[in-house]
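Visitor: I would like to learn how to read a model like this one. Can we take it feature by feature?

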Amino acid sequence: MVQALRRVLLTFFFLSISTSNIFASASDASEAGEEPVIDVMGTVADHDYFKTPLGKIYLPRIFYWENANGESSVSFFSSTKKALASDEFIESEEGAIVPAGGGSIKIDFSITSHLLYYWFGMGLAVLLTVAAAKRYNKGVGRDVEPKGTFQNIFEVLFLFIRDDVARENIDHHKADKYVPFLFTMFMGISFMNLFGLLPWGATATADLTVTATLAAVTFVITQFSGTKDYWAHVFWFPGVPTWVRAILTPVEILGLFTKPFALAIRLFANMLSGKIMIIAILGLVFIFADLFGSVAGYGVGIFSVSLTVVLYALKVFVALLQAYIFTLLSAVFIGMAAEDHDHAEEEYYTEHIAE
Amino acid sequence: MGLLAAGIGAGIVALGAGIGIGMIGKSATESIARQPEASGDIRGAMILTAAFIEGVALLGAVICILLALGIGS
């Protein structure tokens, strides 16, 4: 107890030293005439650099662009600074990069921080899965019991996706075909969400382009696994009068696209709002310090920092929950498309009631 | 004006999502109390339905953020 108390006091002491340094640098900035600003959107936006504990690493820029004469070419630069130094590109007034002699950038293939974290998340998912698959190939887990923490946790997760997500929502004889896709999605999105909780990390899933890509994959797989019945329900709904079909068909076609759209927006907005919420609550410290002096700032700081700690724990839960929900809804949509219908009821209706 | 709209919008979004998730929680706890052995299935259905409501609510929240930041005006 005494030891724990001493540790807390020591931590507080070190924290107060480091915060006074931050305050000192902030006051330096304000003396120099610059307003210290908390850039809320800057922390969630995509960047051309990758933050590490040691500093920023600038990422390559690749442009497919067209000059004023209409000739298109591909340019590769190791960083944004190199691109601006090469005389081919200049920075426009809005801060975007444009070709120096007129023309425009057709496609920006630049590697950004969110793309890098997308690769990290998916790469880690692949690495873990391949490592586990090697162990199963050797016979560990098949002939004998699974060994070690890694394989046991892996097996729990995999069985959860296979039994509670895939087989629960997709027809039983088709479900196992979709388990690899669903498991990749679950692991990849979990890792991407959790990487965002690292102090210098970026949340790839707090970017609409990333979530839209993931949802587009689900959309394509859903359409390709659609049965005849599924398409019949979309274009020529069985068992209803013809004039009702004039309303139902547009609605059903719209429904094809709203499902993955909602999937993308849900993941994106959850991750974005979690990040903004933490910045907003920490920002209260500076708002109160600005309004009522630095003592009020310290006082509010105690509450906001402890609230942020609780929120961080909640964000770990939300990160896994959102990955689960994305996977579950993907499975539900695929299951709806791949379902084999029982026609007994419809035939009864058309034969006996419709006349 | 955008800030005012964003504030009012965020309030209404929270109101709607609160009512929706509250109703799910109410019926889920009632059904678990009535049939405790089905609590696993009910919890799954609860999370799924809550996710649908959350999706709509967060769509509203994103529009509020866009309004507050003045994007698109």
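Visitor: How many bridges join strand E3 of chain A to E4(A), and do they run parallel or antiparallel?

Guide: Strands of a sheet pair through backbone hydrogen bonds, either parallel or antiparallel. Here six bridges join E3(A), residues 61-66, to E4(A), and the two run antiparallel. One of the partners is Phe77(A) in E4(A), which bridges to Arg61(A). Pairing here requires that DSSP finds at least two bridges between two strands. Strands (E, at least two residues) and helices (H or I, at least four) are DSSP runs, numbered from the N terminus.

Visitor: What should I know about the source and the numbering?

Guide: This is a predicted model: local features need pLDDT of at least 70, side-chain atom pairs count only at pLDDT 80 or more, and totals for chains, interfaces and linings use all residues. Residues are numbered from 1 along each chain as its sequence is written, while chains are lettered from A and ligands numbered from 1 in the order in which they are written.

Visitor: In what order do the three strands of the open sheet stand?

Guide: The order is E4-E3-E7 in chain A, with antiparallel pairing. Strands E4 (72-77) and E7 (104-108) of chain A are the edges; each has a single partner strand, so one side of each lacks a neighbour in the sheet. From one strand to the next, the twist averages 35 degrees. Axes are lines fitted to C-alpha atoms, for helices over the stretch in contact, and angles run from 0 to 180 degrees between N-to-C directions.

Visitor: Which strands form a hairpin with two residues between them?

Guide: E1(A) and E2(A) do. Four bridges join E1 (residues 49-52) to E2 (residues 55-58), antiparallel. Phe50(A) has Ile57(A) as its bridge partner in E2(A).

Visitor: Now a helix. Why does the span of H9(A) agree with its length?

Guide: The expected span is 1.5 Å times one less than the number of residues. H9(A), residues 242-292, has 51 residues, so it should span 75 Å; its end C-alpha atoms are 70 Å apart, which agrees.

Visitor: Where does H9(A) bend?

Guide: A bend is the angle between axes fitted to the seven residues ending at a residue and the seven starting there. H9(A) bends by about 30 degrees at Leu248(A), and Pro250(A) follows within four residues. After H9(A) comes Gly293(A), with a positive phi near 95 degrees.

Visitor: Is Ser27(B) buried, exposed or partly exposed?

Guide: Count other C-beta atoms, placed from the backbone, within 10 Å: 20 or more is buried, 12 or fewer exposed, in between partly exposed. Ser27(B) has 14, so it is partly exposed. Ser27(B) lies in helix H1 (residues 2-34) of chain B.
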